[in-house]
Amino acid sequence: MRATVAGFKVLMAFSFRAAPGRATLFLLSGAIMSLIYPILAYGSKLLVNEAVSRDLAGALGAVVLLSFTSGLGLLNALYYIDLLFSVAEKAGAAVDRRLILLMAETPGIEHHELPEYRDRLDLLREERSLLGWMTNATAGLLRVVIQFVATGLLLARLHPTLLLLPLFGVISFLAGRRAQQLQRQVEEVTAERERLRRHLFETATDASAGKEVRVFGLTRELIGRHHAASDAIMQLRNRADWQSAALQSVDALVSATAYIAMIGLVLLLAVRGRATPGDVVLAVGLAAGMNAIIATAVGYGTHFLKVLRVAERYLWLEEYALRANDGVSAVVPVPERMTNGITVRNLHFRYPGAGTSVLSGVSLTLPAGSVVALVGENGAGKTTLVKLLCRFYQPTEGEILLDGQNVSRFAVAAWRSRISAAFQDFARFELVVRETVGVGDLPQLEDRDAVGAALQRAG
């Protein structure tokens with residue numbers, strides 16, 4: 001419950017920080033929208049009753065009420081839609097910037113390499129657009145509450161038994177919630193297969209693997225594997241879809257039964273002289289509005305829960321980044337120049353969750369000013385050692401020293417500003433040449449002379 005409340009607060013804060021005025025107006029517009037249906041139904045009742053009693057002034061008053069309400073509803077709906085997308089876009093952009101900061105500025109790279117973390121991140125990346133829509137979900141539920149109260153007051157004036165009608169909405173909500181849970185479960189179960197399917201498609205269509213795909217004749221093999229992964233995903237998702245459809249059928253049957261019972265009761269009262277023709281019209285209008293309320297409650301309720309579920313993944317990332325950044329602040333400054341060199345002393349490392357160590361008792365010295373080559377078989381730990389030198393991971397045991405000082409005592413950003421790397425699975429930045437070179441020394445990104453000198457030194 002605490003995580004749910006925290007997730008709600010965080011996402012609403014995104015909207016109100018990104019667009020405070022528009023977010024407030026959006027909620028107000030939603031409240032106005034929720035009163036349109038009940039007022040129109042009540043105005044229709046007045047119109048019919050005044051027409052039956054041949055009261056022209058009363059009938060004209062009812063027409064004015066209906067006209068004003070209809071016009072206000074149309075105008076309000078236009079503003080509601082405009083505010084809806086405006087707030088969602090601004091909040092979504094703020095969420096994206098925050099996710100970039102959390103994922104890219106976390107010192108380590110466990111969240112990119114460990115399967116259990118990658119599954120969470122993949123789902124978060126795929127559904128991150130929902131994080132900007134919490135205000136919409138909240139406005140929808142606010143509309144439901146206000147319209148339920150207004151409709152309930154009008155139903156109670158017709159007959160107290162009609163107050164049972166909103167209770168049928170609980171069944172619809174529970175059915176919708178269960179359908180949403182089925183969809184969520186299948187998304188989580190198929191997350192790894194979905195990542196495989198996406199990887200196979202990118203491998204077959206991206207230029208980076210184009211040469212190997214053609215030389216080794218991998219096209220049919222990749223298609224076959226993509227087909228197998230897709231079939232496994234679709235089988236699970238189709239089953240969830242059929243189960244959801246069955247629940248929605250139950251929901252429709254319950255709603256129809258409640259609608260018929262309500263209209264039948266009011267007609268019976270009218271036949272016995274205990275209700276006016278206008279009351280029958282009011283009941284029809286409220287029943288139609290109640291169906292809309294229930295549909296809105298189910299739709300926005302399940303949407304609200306889905307956004308909260310994505311918010312839980314976001315909060316996990318926030319907590320993960322906080323733990324990862326804990327204790328990495330500077331204790332001592334990084335030396336301006338290296339005098340002695342780098343010493344690796346009794347280094348051990350085991351990847352989280354792995355059964356065996358990649359490095360065991362490694363000790364070596366890299367003298368200042370020297371060129372050192374690490375040679376070994378695949379899996380010997382060469383790349384892992386480089387990752388430890390870059391402080392992507394912390395050693396399980398042992399230490400790495402620079403001129404006798406443990407590198408863990410340096411601020412991560414300061415340490416990395418003094419090193420450079422060219423990894424075997426290097427990244428290609430889609431920037432102009434000057435910027436592609438300049439990212440290696442960010443303060444000189446716009447210095448054309450420095451970039452030109454770097455290009456000359458590199459030949």
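Begin with the largest cavity, which holds about 40 Å³ of space. A cavity here is a set of points, on a 1 Å grid over the protein atoms alone, where a 1.4 Å probe fits but cannot get out. Grid points are joined across faces, edges and corners, and a volume is the space filled by probe spheres set on the points. The structure holds one cavity of 30 Å³ or more.

The model is predicted: local features need pLDDT of at least 70, side-chain atom pairs count only at pLDDT 80 or more, and totals for chains, interfaces and linings use all residues. Residues are numbered from 1 along each chain as its sequence is written, and side-chain values use heavy atoms, with hydrogens and water left out.

Helices (H or I, at least four residues) are DSSP runs, numbered from the N terminus. The largest share of the lining, four residues, comes from α11. By class, the cavity lining has six nonpolar, two polar and no charged residues. Ala, Val, Leu, Ile, Met, Phe, Trp, Tyr, Cys and Pro count as nonpolar, Asp, Glu, Lys and Arg as charged, and the others, Gly among them, as polar.

Next, select Gly-108, Glu-110, Phe-392, Tyr-393 and Gln-394, which lie nearest the centre of the second largest pocket among its 14 lining residues. A pocket is an open set of points with protein on both sides within 12 Å along at least five of seven lines. The volume of the second largest pocket is about 250 Å³, and its lining divides into nine nonpolar, three polar and two charged residues.

Now turn to the helix pairs. Select α1 (residues 2-18) and α3 (residues 56-105), whose axes come within 8 Å and cross at roughly 115°. Axes are lines fitted to C-alpha atoms, for helices over the stretch in contact, and angles run from 0 to 180 degrees between N-to-C directions. The two helices are therefore roughly perpendicular to each other, a term for angles of 65 to 115 degrees. Show Phe-14, Ser-15 and Ala-18 of α1 with Val-87, Lys-90, Ala-91, Ala-94, Val-95 and Arg-98 of α3 to see the contact, which means heavy atoms within 4.5 Å.

Move to α2 (residues 20-52) and α6 (residues 134-158), which pack at an angle of about 25° with their axes 9 Å apart. These helices are therefore roughly parallel to each other, the term for angles under 35 degrees. Residues to select in α2 include Phe-26, Leu-27 and Tyr-42, and those in α6 include Leu-142, Ile-146 and Arg-157. By class, this contact has 14 nonpolar, six polar and two charged residues.

Methods
Angles under 35 degrees count as roughly parallel, over 145 as roughly antiparallel, 65 to 115 as roughly perpendicular and the rest as oblique. On a 1 Å grid over the protein atoms alone, a cavity is a set of points where a 1.4 Å probe fits but cannot get out, and a pocket is an open set with protein on both sides within 12 Å along at least five of seven lines; lining residues have an atom within 4 Å of a point.
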